[in-house]
Amino acid sequence: MPLLEVKDLAVRYDKAVILNGVSLHVDAGEFVGIVGPNGAGKSTVLRAVSGLIRFQEQMQRGTHGQVVLEGEIRFAGERIDALPAHEIRKRGFALCPSRQRPFRELSVLDNLMAGAHLSTDAAQTRRRLERCFALFPRLAERKDQVSGTLSGGEQQMLATARALMYDAKLFAIDEPSLGLAPLIREEVFATISRIHAEGIPVLVVEQEVGQVFRLAHRNYVLSQGRVWGEGAGDKLLADESLRACYLGTL
Ligand SMILES: Nc1ncnc2c1ncn2[C@@H]1O[C@H](COP(=O)(O)OP(=O)(O)OP(=O)(O)O)[C@@H](O)[C@H]1O
Ligand SMILES: [Mg+2]
């Protein structure tokens with residue numbers, strides 16, 4: 001049984017079709033990538049899985065700009081596509097959204113503790129904090145610093161660590177390298193790889209295929225709301241249709 005299974009997912013905003021029959025899965029222990037050009041629908045997949053599209057659908061029902069989500073999403077065997085976002089989080093889907101910014105005026109430590117707000121077990125939260133500090137020694141050094149003064153790379157580390165401050169059965173991260181210098185990108189991906197090595201399955205969404213193809217067991221290529229290809233990075237790189245996807249000629 002896959003850990004995450006998305007079947008025939010469709011998302012529409014009014015008449016605009018954003019996702020059109022997307023099916024994908026992540027198995028226990030896997031590192032999976034979702035790549036594709038600008039506007040392909042990558043973030044929408046993560047927003048659908050985490051319950052944010054359903055929330056938007058309910059908020060906007062009967063008003064302008066109707067949102068529709070169809071299809072099936074299962075996490076650890078359970079249907080989750082009708083659940084509210086906090087219930088999905090409670091089941092262990094830990095998402096670090098794209099360009100997630102910390103609460104600027106709060107310290108690094110307080111931002112991390114905000115990631116644990118669903119927790120009722122103080123001892124476990126302390127253990128998770130220790131683990132985050134082990135993964136990101138720079139955050140430990142700066143735990144009392146006001147988060148708004150962190151560098152871009154440090155803010156990305158903080159957002160990543162915050163997602164790990166509560167039960168993570170699957171760690172999903174949207175565009176971790178966006179806006180970061182090449183050296184910092186490598187550092188961010190090295191950490192994602194360490195998270196996976198600690199036994200947490202990983203789902204990474206990226207526009208840039210370089211680092212993801214190097215690390216992921218399997219990748220899905222998304223373009224115009226559909227899955228155009230699936231496989232290991234080297235296989236996809238050899239496939240002419242990948243280029244066509246990115247150039248928008250497919
Ligand atoms: N709230 C919304 N209302 C209408 N259209 C939307 C909304 N959010 C996203 N879209 C559209 O859905 C499409 C897919 O967006 P999405 O953010 O999922 O793409 P993406 O693959 O993550 O792109 P990027 O690589 O630029 O982050 C885009 O064409 C976008 O304009
Ligand atoms: Mg996106």
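Of the 13 residues around ligand 1, which come nearest? They are Asn38, Gly39, Lys42, Ser43 and Thr44, where a residue counts as near if one of its heavy atoms lies within 4 Å. This is a predicted model, in which local features need pLDDT of at least 70 and side-chain atom pairs count only at pLDDT 80 or more, while totals for chains, interfaces and linings use all residues. Residues are numbered from 1 along each chain as its sequence is written, chains are lettered from A and ligands numbered from 1 in the order in which they are written, and side-chain values use heavy atoms, with hydrogens and water left out.

By class, the shell around ligand 1 holds four nonpolar, seven polar and two charged residues; here Ala, Val, Leu, Ile, Met, Phe, Trp, Tyr, Cys and Pro count as nonpolar, Asp, Glu, Lys and Arg as charged, and the others, Gly among them, as polar. Helix α1 (residues 42-49) gives the most to this shell, with three residues, a helix being a DSSP run (H or I) of at least four residues.

| Residue | Protein atom | Distance to an oxygen atom of ligand 1 |
|---|---|---|
| Gly39 | polar backbone atom | 2.8 Å |
| Gly41 | backbone N or O atom | 2.9 Å |
| Ser43 | polar side-chain atom | 2.8 Å |

The protein covers 60% of the 640 Å² of accessible area that ligand 1 has on its own, as found by the Shrake-Rupley method with a 1.4 Å probe.

Conventions:
Polar contact = N/O pair within 3.5 Å; in protein donor to acceptor, adjacent residues only side chain to side chain. Helix = DSSP H or I, 4+ residues; strand = E, 2+ residues; numbered from the N terminus.
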